[in-house]
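This report describes selected features of a two-chain protein model.

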Amino acid sequence: MSNNSRRVIVYSVLIIVSFLCLFWFYALFINATRSNGDLTRGFSLIPGTALIDNWNNMLHCALPVMSSMKNSLLVALSSSILCSYFSIMTAYGIHAYCFPGRKIFYTLAVCFMMIPKQVTVLGFVDLVGRMHLRDSFIPLIIPEIAAPIVFYYMIKYMESTLPMSLVEAARIDGASELYIFNRVVLPLMRPAFAVQMIFKFVESWNNYFIPALILHDDSKKTMPIVISLLRSSNFANYDNGLIYMVIAFSILPSVIIYLFLSRLIISGITSGGVKG
Amino acid sequence: MKRNKWGLFFILPYTVTYLVFTALPIVIVLYRSFFTNYWKGLKEVGPFFSGFDNYVSLLSDSNLHMYLTNTAIMWIMGFLPQIILSVILAAWLSDHRLGLKGVQFFKTVIYFPNLIIAASFASLFFSFFANTGPVNTLLMDIGIIDEPYMFFSNTWSTRSLVAFMNCTMWFGNTTLLLLAGMLGIDPSLREAAEVDGANSKQVFTRIILPLIRPILLYVIITSLIGGIQMFDVPQILTKGTGNPGRTTMTILMYLNKHMYSKNYGISGALSVILFLITAMLSLIVFSVSFRQERR
């Protein structure tokens with residue numbers, strides 16, 4: 001098959017796939033601008049006129065939409081930064097040094113990678129209760145320091161791209177180990193940092209199961225919990241325009257953040273750090 | 001050597017955090033699984049030691065088997081199309097002979113659904129596929145159906161929606177990871193094969209596929225773990241009921257139900273069973289890839 005006919009097939013598939021990715025969200029944002037009455041009349045691809053009404057209804061509805069947005073941002077940002085930083089630090093500790101127990105640590109970390117958080121959640125919630133950390137964000141942020149999957153990714157990344165010659169050169173120049181980590185290794189790991197930070201941010205942002213078991217106070221709830229309340233009987237207000245508005249609002253910040261970070265992640269992937 | 005002490009220093013925060021927030025909860029889960037402890041109305045029963053009673057009552061319960069099957073079916077229905085699509089897309093995007101334009105844009109687009117809160121996405125689909133929702137209205141307007149199709153009253157349409165949503169949310173992520181792996185391959189290997197007259201298909205199966213095996217393994221393992229954790233989408237889509245007839249109730253929704261009713265003993269035993277299943281599945285994946293590597 002010639003490259004030209006292959007190209008036609010490839011482009012057609014890419015267009016269909018793109019359409020399937022975006023269509024739902026386009027329709028969501030359109031629906032968020034339409035009134036309940038308008039929505040019951042049928043499907044439309046043209047924006048309605050009820051955007052401001054829906055927005056005001058959202059601000060004055062029974063759900064803590066605004067505070068949950070703030071809470072979600074706080075939790076997702078701090079946990080993703082902590083996670084990337086400490087995963088690189090741990091991976092570096094294992095990759096660049098030779099000390100007794102190093103192999104065992106690596107093996108254990110990779111084995112424990114398999115344990116989903118959901119499996120330990122009963123004990124985790126129990127522990128959080130005993131530490132009096134319910135309705136606090138600490139149990140959602142601090143545990144991210146130890147993320148085996150991210151650690152595994154980082155160490156694989158180091159094995160393939162981190163030039164130890166640069167570390168050696170810095171040592172000969174008399175730099176301290178901590179300085180080398182923060183000023184030499186960390187910048188070299190920037191693409192991996194960005195990739196895993198985005199993945200972690202999304203994971204944390206998405207997280208519904210564990211926060212729903214820990215956060216009960218209305219002022220502490222995160223976005224997914226509020227979304228889940230959209231269908232609950234307590235919120236028996238079936239204004240569909242409002243429901244679409246809340247859903248659209250819940251995904252808006254991640255869209256904005258993605259527009260900034262996507263350049264970072266994609267350039268990070270394609271430039272691939274050090275060649276070789 | 002003195003310098004190597006720094007290695008211990010660097011792994012210290014991870015180790016401490018892991019011991020407190022993962023290892024300790026595992027011990028608590030194990031401990032609780034051997035005690036009878038639940039709430040009957042406002043009265044707490046137990047906790048008193050009951051050996052393997054919780055495990056016996058769970059394993060003799062046909063529900064557990066059913067929910068495991070539901071989870072497995074919905075995971076496979078979502079993962080198979082996802083991994084096939086991702087490998088193909090990554091191969092195309094990394095093929096310089098195709099010289100595709102707009103790759104950057106496409107990568108940004110396919111990763112987009114992954115950013116969406118799963119709860120929001122499910123909530124959105126619940127609205128779209130409702131009996132009076134836009135999808136039914138559209139299908140009736142076009143004339144494909146005469147009356148609304150009740151997506152959430154049919155087992156396979158509900159399962160398909162769950163699988164479709166999972167696939168849509170995760171194939172972009174998988175594609176980016178595989179693509180990063182494919183682009184990381186030394187270009188001279190590819191060029192050498194091409195100079196020797198290999199076509200795109202041969203380059204893909206003989207050069208690229210074997211070299212990205214570690215990343216492929218990573219993708220399969222993480223997706224497997226994700227599949228067992230399947231919760232948000234079916235939970236929101238069916239309001240936690242797993243309807244129709246609990247055929248979309250996943251294993252984690254079952255655990256959530258028990259935890260919500262404060263059945264701590266049963267929850268503990270269920271967690272341990274879940275852990276054993278996860279460990280077994282990961283071991284299979286690992287041993288298969290290990291055998292291939294030695295071959």
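## A cavity lined by both chains

The lining of the second largest cavity is formed by A:Ile198, A:Phe201, A:Ile257, A:Tyr258, A:Leu261 and B:Leu115. Here, on a 1 Å grid over the protein atoms alone, a cavity is a set of points where a 1.4 Å probe fits but cannot get out, and lining residues have an atom within 4 Å of a point. Helix H11 (190-206) and helix H14 (240-271) of chain A are the elements that give two or more residues to this lining, and H14(A) supplies the largest share, three residues. Helices are DSSP runs (H or I, at least four residues), numbered from the N terminus. By class, the lining divides into six nonpolar, no polar and no charged residues. In this scheme Ala, Val, Leu, Ile, Met, Phe, Trp, Tyr, Cys and Pro count as nonpolar, Asp, Glu, Lys and Arg as charged, and the others, Gly among them, as polar.

The second largest cavity holds about 40 Å³ of space, and the count of cavities of 30 Å³ or more is two. Grid points are joined across faces, edges and corners, and a volume is the space filled by probe spheres set on the points.

The model is predicted: local features need pLDDT of at least 70, side-chain atom pairs count only at pLDDT 80 or more, and totals for chains, interfaces and linings use all residues. Residues are numbered from 1 along each chain as its sequence is written, chains are lettered from A and ligands numbered from 1 in the order in which they are written, and side-chain values use heavy atoms, with hydrogens and water left out.

## The interface

Chain B and chain A each bring 91 residues to their contact (heavy atoms within 4.5 Å). About 8,700 Å² is buried between the two chains, and carbon and sulfur atoms give 77% of this area; buried area is the accessible area (1.4 Å probe) that two parts lose on being put together, summed over both. On the chain B side, B:Phe10, B:Tyr14 and B:Phe21 lose the most area to chain A, together 10% of what that side buries.

A salt bridge is a side-chain nitrogen of Lys or Arg within 4 Å of a carboxyl oxygen of Asp or Glu. Two examples follow.

| Salt bridge | N to O distance |
|---|---|
| B:Asp95 and A:Arg6 | 3.7 Å |
| A:Arg130 and A:Asp126 | 3.1 Å |

A:Arg130 and A:Asp126 both belong to helix H6 (residues 117-130) of chain A, four residues apart, about one turn of the helix.

## Backbone details

The peptide bond from B:Asn243 to B:Pro244 is cis, with omega near 0°. B:Pro244 sits in the loop between helix H11 (232-237) and helix H12 (251-260) of chain B. In chain A, A:Asp135 has phi near 60°, a positive value in a residue other than glycine, and lies in the loop between H6 and helix H7 (138-141).

Conventions:
1 Å grid on protein atoms, 1.4 Å probe; cavity = no way out; pocket = protein on both sides within 12 Å on 5 of 7 lines; lining within 4 Å.
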